[in-house]
Amino acid sequence: MESQNIRKGLRRLSSTKLILLGFCAIILVGTALLSLPAASREGRTSITDAFFTATSATCVTGLVRFDTYTHWSLFGQIVIICLIQIGGIGFMTIALSIISLTKRKIGLAPRVLMQESIGAPQVGGMVRMTKFILGGTALVEGIGALLLSFYFCPKLGFWKGLYFSLFHSISAFCNAGFDLMGGEKPFSSLTLLYDHAYVNFIIMALIVIGGLGFFVWRDLVTNRFVFTKLKVHTKIVLTVSASLILLGAGSILLLEQGEACFAGMSTGEQALASVFQSVSARTAGFNSVDLASLTEGSQLILILLMLIGGSAGSTAGGMKTTTFAVIIKSIDTTFRRRKSVELFGRRMEEGIVRTATCIAMLYFSLSLVVALAIAHIEDVSLMAAMLESASAIGTVGLSMGITPEIGLVSKMMLAMLMLFGRVGSITMLLAFSSERTVAVSKLPMEKIQLG
C-alpha cells in the first residue's frame, strides 16, 4: 500500500521535480557509500565530507576536500568515477537504457522526463537519442582510455596504467576534473605534465567533445560535418566554443608574460598551458599550472569562462554557450535598432533574450553572493572565493587551494551551487515553482527611461 502511495505521489510530481529528486537520490547513495570505512585508505570519512565529494562527483564538478588518490581507496575511487559517469550522461539516460534492455514499452512520461533531463528540443526520438548517447560515450571514452594508456601503462604497469587511463578518460569526457595524479604530488592535477603535449591534447580533446553536447555531435554526424547544413544551435555552439577557447588562451598568454606562472617555460610550453587552461576552465577542472600563481587578470578570465561553461545537452555546466551568444547578439541587435535577435540567418524565438538574461543573472548573482559569504566566513581574498564559487556553480572544479580548509557552512553553500549548476537554473526554478499557468498582465502600461 505504501509503495502504491509513493508511486502515485511521484506521478503527481512535475518532470523538473523528478529530475532534482533523482540527482539528490544519487548524491545520497554516493554519500552513504563514500562514508563507509572501505571507501577511505585510513579511517572513516565524515558524512559532510562524503556528501561534499558525492555532490562534486555527481554534479561533475571536481572540487575536492581530499586528494582523490591518497585519501580514497580503490573502492572509493570506483564509487566516485561511477557517480561521475551517471552525473555526466544523466541518470535518465541510464534508466531508459535499462528499460529498453528489458524490452518493456517506454511510455510518454519517461520520454518527457528524458527530454527535460538532457534538454532535448522535442519528445520524439528519445530512445534513439539514448542509444546514441550511450554508444557515443562508450566509444569516445574507450578511445580516450586507449590513447592515454600509451602514457600510463609504460609508467605504472599494464593494469594500473589501464585503470588510470580509463579513470582520466571518463573524468575528462564528463568534464569532471577528478584525477589520480596525487601519487606523485597531492592536489597536483596535471601541473607535473604541463610540458607533456600528448597527454594535454588528449585530455583537451575529451573535454571539448564532452562539452559540445550530444545533439551537436548527432547533427555533425548526420550532416557529415558540413557546416552549411548544420542546425543553428550547432553553428552557435561551434562558433562560440572556438572563439572562447582562442580568446581565453590568448588573454592568459598575454597577461602571464614575465610572471611567475610561466617561469622556466619555453614559448611553446606557455602556449600549451594557456590553451589547456582556457579549455579546462569551460567546466573540466583540470589545471596544468598553479592557479594561485596566476595574475588577477587571468583569474578573472577563468571566472568568466567558468560561468559561461559548455553547451546545452552536454556533460558540461555553466550558463551555456548558447545563452552567452544570445546575450551578446541582443546587445548587437539593440545597437543596430533591430526588433528581433538573428543568428546565422534565422530569427530567434520570442522571449529568448529574457530567458537568457534571467539565466545569466542567476549565475552571476548566486556566485557573487556565495563568494562574499565565503570570503567573510573563511577570511580569504574575494578573488579566491569568487573563483571557488564560480567553479562550483559552473561545475568546473578549479580552485586556488582553499577547498580543503573551508568549514561546514561554506561546504554546504558550494554543494548547493554545484547542484544548481548541474541540474540547471531553469529546471531548479521550475522545480520550486507551483505556478502551472502563464499569467497574462492586465495592468496599464507606462514607459520608463533606461540608460
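1. Let's start inside the protein. The largest cavity is lined by Asn175, Ile207, Val208, Gly211, Leu212, Ser241, Ile245, Val279, Arg282, Gly310 and Ser311. Helix H10 (197–212) and helix H12 (232–255) are the elements that give two or more residues to this lining. H10 provides the largest share, four residues. By class, the lining of the largest cavity has five nonpolar residues, five polar and one charged. Here Ala, Val, Leu, Ile, Met, Phe, Trp, Tyr, Cys and Pro count as nonpolar, Asp, Glu, Lys and Arg as charged, and the others, Gly among them, as polar.

2. A word on where this comes from. This is a predicted model, in which local features need pLDDT of at least 70 and side-chain atom pairs count only at pLDDT 80 or more, while totals for chains, interfaces and linings use all residues. Residues are numbered from 1 along each chain as its sequence is written, and side-chain values use heavy atoms, with hydrogens and water left out.

3. How much space does the largest cavity hold? Its volume is about 100 Å³, and the count comes to one cavity of 30 Å³ or more. Rolling a probe the size of a water molecule over the atoms shows where empty space is left. On a 1 Å grid over the protein atoms alone, a cavity is a set of points where a 1.4 Å probe fits but cannot get out, whereas a pocket is an open set with protein on both sides within 12 Å along at least five of seven lines; lining residues have an atom within 4 Å of a point. Points are joined across faces, edges and corners, and a volume is the space filled by probe spheres set on them.

4. The second largest pocket holds about 540 Å³ of space. Its lining has 29 residues, and Phe187, Ser188, Ser189, Asn287 and Ser399 are those that lie nearest its centre. That lining divides into 13 nonpolar, twelve polar and four charged residues. With a relative accessible area of 6%, Ser189 is buried; buried means under 20% relative accessible area, exposed over 50%, and partly exposed in between (1.4 Å probe, protein chains only).

5. For the overall layout, the chain has 19 helices and two strands. Helices (H or I, at least four residues) and strands (E, at least two) are DSSP runs, numbered from the N terminus. Of the 451 residues, 51% count as buried. Among contacts with a separation of 6 or more, 70% join residues 24 or more positions apart; contact means heavy atoms within 4.5 Å.

6. Now to helix packing. Two packed helices are described by the angle between their axes and the distance between the axes. The axes of helix H9 (residues 158–173) and H10 come within 7 Å and cross at roughly 40 degrees, which makes H9 oblique to H10. His168, Ser169, Ala172 and Phe173 of H9 meet Ile203, Leu206, Ile207, Ile209 and Gly210 of H10. This contact has six nonpolar residues, three polar and no charged. Axes are lines fitted to C-alpha atoms, for helices over the stretch in contact, with angles running from 0 to 180 degrees between N-to-C directions. Angles under 35 degrees count as roughly parallel, over 145 as roughly antiparallel, 65 to 115 as roughly perpendicular and the rest as oblique.

7. How do H11 and H12 cross? Their axes come within 9 Å at roughly 110 degrees, so H11 is roughly perpendicular to H12. Val216, Asp219 and Leu220 of H11 touch His233, Thr234, Val237 and Leu238 of H12. In helix H11 (residues 214–222), the buried residues include Val216, Asp219 and Leu220. Arg224, which follows H11, has a positive phi near 55 degrees.

8. Two loop residues are worth a visit. Val60 sits between helix H3 (47–58) and helix H4 (68–71) and is buried at 0% relative accessibility; its phi is positive, near 40 degrees. Glu256, in the loop between H12 and helix H13 (267–280), is also buried, with a relative accessible area of 0%. Beyond its neighbours within four places in sequence, Glu256 is in contact with Cys261, Phe262, Ser293, Leu294, Thr295 and Ser298.

9. Is Arg354 buried or exposed? This residue of helix H16 (residues 352–378) counts as exposed, at 64% relative accessibility.
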